[in-house]
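Walk me through this model, please.

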Amino acid sequence: MLIEHLTYEPLIAAARWLGAEVRSFARRAEDCFRLDPAEVERRMTDRTRVVVLTNLHHSSSALANDDSLRRVGEIAARAGARVIVDEVYLDALWEPAPRTCFHLGETFIATNSLTKIYGLNGLRCGWILAAPEIVERAWRLTELFNLTTSASTRRSG
């Protein structure tokens with residue numbers, strides 16, 4: 001796994017708990033924490049299977065633009081990897097309202113929830129936008145790890 005630094009530490013802890021080797025790429029203060037696709041490419045290895053980042057950046061609120069995301073997606077695709085983008089803070093920008101990264105193609109996996117911007121963590125309501133087989137696997141993990149869910153988020157059938 002290749003993950004941005006600075007980042008939300010529980011993302012690293014979860015990956016390590018799952019047995020992933022974790023490497024990082026820098027989002028530097030002197031560059032206003034912008035997403036630098038060249039830095040991602042330098043840190044990729046032939047073993048990298050996922051690139052993880054936040055948009056808005058977790059530590060700085062820097063927005064990764066579509067061009068930078070698209071370039072990271074192309075780098076990941078060449079390596080056979082996916083790009084997971086935690087978009088939990090994206091709704092903090094409303095003019096202009098940025099789109100989810102998922103529109104950039106199936107290399108991208110977008111996650112979001114109502115917890116941060118809307119303050120509705122008691123609902124336990126989040127979502128993932130990804131290829132159907134990835135969504136199914138994520139749902140199975142959610143069923144395994146969540147102790148409780150709200151009635152409105154339970155899957156039927």
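**Loops, a buried serine and the cysteines**

Phe-33 lies in the loop between strand 2 (23-26) and helix 2 (37-43). Helices (H or I, at least four residues) and strands (E, at least two) are DSSP runs, numbered from the N terminus. Phe-33 is not a glycine, yet its phi is positive, at about 60°.

A word on the source. This is a predicted model, in which local features need pLDDT of at least 70, side-chain atom pairs count only at pLDDT 80 or more, and totals for chains, interfaces and linings use all residues. Residues are numbered from 1 along each chain as its sequence is written, and side-chain values use heavy atoms, with hydrogens and water left out.

Now take the loop between strand 3 and helix 3. Ser-61 is found there. Ser-61 is another residue other than glycine with a positive phi, near 70°. Leu-56 belongs to the loop between strand 3 (50-54) and helix 3 (66-78) as well. The peptide bond leading from Asn-55 into Leu-56 is cis, and its omega is near 0°.

Go back towards the start of the chain. Leu-6 sits in the loop between strand 1 (2-5) and helix 1 (9-17). A cis peptide bond links His-5 to Leu-6, with omega about 10°.

Next comes a strand residue. Ser-113 is part of strand 5 (residues 108-113). Is Ser-113 buried or exposed? Ser-113 counts as buried because its relative accessibility is 13%. Buried means under 20% relative accessible area, exposed over 50%, and partly exposed in between (1.4 Å probe, protein chains only). The side chain of Ser-113 makes a polar contact with the side chain of Thr-115, at 2.7 Å. A polar contact is a pair of N or O atoms within 3.5 Å; within protein, one must be able to donate a hydrogen and the other to accept it, and residues adjacent in sequence count only if both atoms are side-chain atoms. Setting aside neighbours within four places in sequence, Ser-113 is in contact (heavy atoms within 4.5 Å) with Val-88, Cys-125, Gly-126 and Trp-127.

How many disulfides does the structure hold? There are 0 disulfides, a disulfide being a pair of cysteine sulfur atoms within 2.5 Å. Cys-125 is partly exposed, with a relative accessible area of 21%. Cys-32 is exposed, at 61%.
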